[in-house]
Amino acid sequence: MNLNDTPSSERAHIGIFGLTNVGKSSLINALTGQKTAIVSEVQGTTTDPVSKSMELLPAGPVVITDTAGLDDTGTLAEERISQTRRILNQSDLALIVTDGPSLTKCENDLLESVKKLSIPYILVQNKCDEGSSSAGGAADSIQVSALTGHNINRLKDLIAARLNSSRSDKKLVADLIKPGDLIVLVVPIDKAAPKGRLILPQQMTIREILDAGAIAVTLKEDCLDSYLKSCPQKPAMVITDSQAFEKVSRLTPDDIPLTSFSILMARYKGFLEQSIQAVKKLNSITPADKILISEGCTHHRQCGDIGSQKIPAWLKEKLGFMPQIEFSSGIQFTDNPSKYALIIHCGGCMLNEREMQARSRLCKQASVPMTNYGILISALHGILDRAIKPLS
């Protein structure tokens, strides 16, 4: 990915859903203007989700995903349909594709699922000729032909309107600061740090600080003490990588607000309060309990990795024993959260808000507490109240 590209987690996610052979793959090809997906008369040609990141004018940066048919009856049909429903959980907009004027039972069931999840949607009746008009004139439906291009531009306009009407204007940090504020960012550079770049939450924070007309100073934790002692302007806030929370808290005077990138991400993704409540579970964890540590990205775990090494070590120090810990990463979360006493999730910077909300909802339904790296680490070091105070 080009470093100037909009990351996938910050793009609007558009999922294309429907039965086999209604023209879902043809539609994504028509929308993207290229052969993104294989088109064939053979039923079940699309077996795995096919995604394309692009600028879909006038909608802006999006990820469009073609999915397997919900009536797939192939050898791996159950797994394919499960993947399709996973894409549904990520979707900011669902395009429900049909090839007829009325919906089948399966299509109606899909529509009900979309409504239950409060996902904006458009009913797209494909394989219609130039003489067709919007189905019933409804604002949430349109007739198109992916083959001839009929109404494809109108569909793009409708997609943009739906995304704009549902898009939130939440900020990561900009609403917590004012022009001229000095914000100090503490970024450890260790073996686990990506070579030659900053991680996404750090990039996003710097950009929002600049957009707000404030001043961003970025340094390593070893430089913090000398900088604070020599700095002519009192910082309005210090934001640290969570793994350096304890040291940064000791070095930062109590009258300077302090929080972490991970805690800001929990707020940004909409599960801050859930994370704060969930961390109370630490007081009742037993050696028989299982804990899941989950990361939204997939990377090679190195010495000093925060998820697989540092957090387990801090948990052992806090609890007095090493709990039973399992790990997940990337798109693999858990279908059965009830087997765990506590789930500890990363900030979710590589997952869009819909996906994080789906994971949060799954845990709530199972009555399993799910907390966040930053919230957990600040609690383990006895500084949770300080870490969340700047967000109040």
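Trainee: How does the lining of the second largest pocket divide by class?

Mentor: In this predicted model, that lining has 6 nonpolar, 7 polar and 8 charged residues. Here Ala, Val, Leu, Ile, Met, Phe, Trp, Tyr, Cys and Pro count as nonpolar, Asp, Glu, Lys and Arg as charged, and the others, Gly among them, as polar. A pocket is an open set of points on a 1 Å grid over the protein atoms alone, with protein on both sides within 12 Å along at least five of seven lines, and lining residues have an atom within 4 Å of a point.

Trainee: Which residues lie nearest its centre?

Mentor: Of the 21 lining residues, Ser82, Arg85, Arg86, Asn89 and Asp335 lie nearest the centre of the second largest pocket. Helix 2 gives the largest share of the lining, 7 residues. Helices are DSSP runs of H or I with at least four residues, strands are runs of E with at least two, and both are numbered from the N terminus.

Trainee: What should I know about the numbering and the limits of the model?

Mentor: Residues are numbered from 1 along each chain as its sequence is written. Local features need pLDDT of at least 70, side-chain atom pairs count only at pLDDT 80 or more, totals for chains, interfaces and linings use all residues, and side-chain values use heavy atoms, with hydrogens and water left out.

Trainee: Switching topic, where is Ser242 found?

Mentor: Ser242 is in the loop between strand 9 (237–240) and helix 7 (245–251).

Trainee: Is Ser242 buried or exposed?

Mentor: Ser242 counts as buried because its relative accessibility is 4%. Buried means under 20% relative accessible area, exposed over 50%, and partly exposed in between, using a 1.4 Å probe and protein chains only.

Trainee: And what does Ser242 touch?

Mentor: Leaving aside residues up to four places away in sequence, Ser242 touches Ser260, Ser262, Gly374 and Ile377. Contact means heavy atoms within 4.5 Å.

Trainee: Ser262 is in helix 8, I see. How many residues of helix 8 are buried?

Mentor: Helix 8 (residues 261–269) is mostly covered, with 9 of its 9 residues buried. Among them are Phe261, Arg267 and Lys269. Just after helix 8, Gly270 takes a positive phi of about 90 degrees.

Trainee: How many disulfides does the structure hold?

Mentor: The structure holds 0 disulfides, a disulfide being a pair of cysteine sulfur atoms within 2.5 Å. As for individual cysteines, Cys223 is partly exposed because its relative accessibility is 36%, whereas Cys231, at 16%, counts as buried.

How values were computed
1 Å grid on protein atoms, 1.4 Å probe; cavity = no way out; pocket = protein on both sides within 12 Å on 5 of 7 lines; lining within 4 Å.
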